[in-house]
Amino acid sequence: MTKEEWIQAYFEGRFTSEQQETFETLLEKDPEMKEAFLFEKQVQTVLQREERKALKERLEALSTAAEQENSGSRTRYYWVVAAASIAAIIVLTFTVFLRQEQISNEALYARYFSPYENVVQPIQRGEAIESLEQQAFEAYELQNYQQADSLFTEVQKRKSDPYLNFYKGISLMQLQEYQEAAFAIEGYLQQDGQLKVRAQWYLALCYLQLDQLEKSKRLLREVLATQSFKSEQAEELLDLLP
């Protein structure tokens with residue numbers, strides 16, 4: 001399972017005892033996963049608290065109205081049924097409202113962003129690093145994104161492989177240079193590389209940070225339509241955006 005699937009399974013109560021232990025171990029070893037889990041837990045707590053409050057207030061109001069009518073048990077029964085139905089609508093409406101209004105672009109970005117793995121020049125331990133391109137990807141794997149950005153730029157002066165823009169863009173995202181990152185990934189998409197859907201996902205996140213929501217949602221819909229890489233996450237994020 002992916003990190004998101006583990007977290008979703010936890011909140012849906014679908015763990016076996018063994019999976020629960022595995023999940024706790026993953027949280028201890030993966031700071032990013034733990035951060036995403038704590039964020040989701042905070043969101044769930046706020047939702048549950050506000051849902052209970054809205055439900056309680058609505059039921060109390062309806063109960064008072066039913067007593068004032070004082071027209072027999074059958075009427076009170078229908079009031080209770082109506083109260084439950086209306087409360088369900090309130091909860092659903094409030095949940096959508098809360099998610100759209102209180103979760104910032106930055107929080108959503110932090111929840112859904114993680115750097116893409118190096119699938120172009122995987123670095124083996126003990127391997128002699130000779131070329132400038134290998135140095136760039138080694139810096140990327142070591143999370144030295146400032147150096148990786150500089151090295152990718154140097155490599156681009158010598159060759160024009162599309163994937164250089166892709167990894168340069170993600171390095172810039174890690175450096176919080178979102179406008180430059182968007183420019184780099186846009187360049188990759190113009191070259192129609194094999195990582196197109198992945199580039200669309202990361203560019204959508206760049207646009208999210210740049211508050212260009214219509215561009216972000218357009219790309220997310222394209223990712224969703226592929227039913228492949230990050231399609232489920234794209235659907236979730238679309239639901240959370242205004």
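**Helix packing and aromatic pairs in a predicted model**

Colleague: Which hand does the crossing of α9 and α10 have?

Modeller: This is a predicted model. In it, helix α9 covers residues 178–190 and helix α10 covers residues 196–209. The crossing of α9 and α10 is left-handed.

Colleague: Are α9 and α10 roughly parallel or antiparallel to each other?

Modeller: The axes of α9 and α10 come within 9 Å and cross at roughly 155°. Angles over 145 degrees count as roughly antiparallel. The two helices, α9 and α10, are therefore roughly antiparallel.

Colleague: By class, how many nonpolar residues does the contact of α9 with α10 have?

Modeller: On the α9 side, the residues that meet α10 are Tyr178, Ala181, Ala182, Ile185, Glu186, Tyr188 and Leu189. On the α10 side they are Lys196, Ala199, Gln200, Tyr202, Leu203, Cys206, Tyr207 and Gln209. By class, this contact of α9 with α10 has 2 polar and 2 charged residues, and the nonpolar residues number 11.

Colleague: Are α6 and α7 roughly parallel or antiparallel to each other?

Modeller: Helix α7 spans residues 145–156, and its axis comes within 8 Å of that of α6. The axes cross at roughly 155°, and the crossing is left-handed. With angles over 145 degrees counted this way, α6 and α7 are therefore roughly antiparallel.

Colleague: By class, how many charged residues does the contact of α6 with α7 have?

Modeller: From α6, the residues that meet α7 are Leu132, Glu133, Gln135, Ala136, Phe137, Ala139 and Tyr140. From α7, they are Tyr145, Gln147, Ala148, Leu151, Phe152, Glu154 and Val155. By class, the contact of α6 with α7 has 10 nonpolar and 2 polar residues, and the charged residues number 2.

Colleague: What do the elements that cover the buried residues of α6 include?

Modeller: The buried residues of α6 are Glu133, Gln134, Ala136, Phe137, Ala139 and Tyr140. What covers these buried residues includes helix α7 and also, at residues 162–174, helix α8.

Colleague: Is Gln134 buried or exposed?

Modeller: Gln134 has its place in helix α6, residues 132–141. Its C-alpha atom is separated by 9.7 Å from that of Val120, 14 residues apart along the chain. The relative accessible area of Gln134 is 14%. Buried means under 20%, so Gln134 is buried.

Colleague: Which residue just after α6 takes a positive phi?

Modeller: Helix α6 covers residues 132–141. Just after α6, a positive phi of about 65° is taken by Gln143.

Colleague: What aromatic pair do Phe137 and Phe152 form?

Modeller: The structure holds 18 aromatic pairs. Between Phe137 and Phe152, the rings are 5.1 Å centre to centre, with 80° between the planes. Planes over 60 degrees apart count as edge-to-face, so the pair of Phe137 and Phe152 is edge-to-face.

Colleague: How many residues apart in sequence are the parts that the pair of Phe137 and Phe152 ties together?

Modeller: Phe137 counts as buried at 0% relative accessibility, and Phe152 counts as buried at 0% as well. Phe137 lies in helix α6 and Phe152 in helix α7, so the pair ties together parts whose separation in sequence, in residues, is 15.

Colleague: What is the pair of Phe137 and Tyr163: stacked, edge-to-face or tilted?

Modeller: Phe137 counts as buried, at 0% relative accessibility. The ring centres of Phe137 and Tyr163 are 6.2 Å apart, and the planes are at 40°, so the pair is tilted.

Colleague: In which helix does Tyr163 lie?

Modeller: Both Phe137 and Tyr163 are buried. Their pair ties together parts that are 26 residues apart in sequence, because Phe137 lies in helix α6 and Tyr163 in helix α8.

Colleague: Is Tyr10 buried, exposed or partly exposed?

Modeller: Tyr10 is found in helix α1, residues 3–11. Leaving out residues up to four places away in sequence, Tyr10 touches Phe15, Gln20, Phe23 and Phe37. The C-alpha atoms of Tyr10 and Phe23, 13 residues apart along the chain, are separated by 8.3 Å. With a relative accessible area of 29%, Tyr10 is partly exposed.

Colleague: By class, how many charged residues does the contact of α11 with α12 have?

Modeller: Helix α11 (residues 213–226) and helix α12 (residues 231–240) pack at about 145°, with their axes 8 Å apart, in a left-handed crossing. The contact is made by Lys217, Leu220, Arg221, Val223 and Leu224 of α11 and by Ser231, Ala234, Glu235, Leu237 and Leu238 of α12. By class, the contact of α11 with α12 has 6 nonpolar residues and 1 polar residue, and the charged residues number 3.

Technical notes. Residues are numbered from 1 along each chain as its sequence is written. This is a predicted model: local features need pLDDT of at least 70, side-chain atom pairs count only at pLDDT 80 or more; totals for chains, interfaces and linings use all residues. Side-chain values use heavy atoms; hydrogens and water are left out. Helices (H or I, at least four residues) and strands (E, at least two) are DSSP runs, numbered from the N terminus. Buried means under 20% relative accessible area, exposed over 50%, partly exposed in between (1.4 Å probe, protein chains only). Axes are lines fitted to C-alpha atoms, for helices over the stretch in contact, and angles run from 0 to 180 degrees between N-to-C directions. Angles under 35 degrees count as roughly parallel, over 145 as roughly antiparallel, 65 to 115 as roughly perpendicular and the rest as oblique. A crossing is left-handed if the near helix is turned anticlockwise from the far one by less than a right angle, and right-handed if clockwise. Contact means heavy atoms within 4.5 Å. Ala, Val, Leu, Ile, Met, Phe, Trp, Tyr, Cys and Pro count as nonpolar, Asp, Glu, Lys and Arg as charged, and the others, Gly among them, as polar. Rings of Phe, Tyr and Trp (its six-membered ring) pair if their centres lie within 6.5 Å; planes under 30 degrees apart count as stacked, over 60 as edge-to-face and the rest as tilted.
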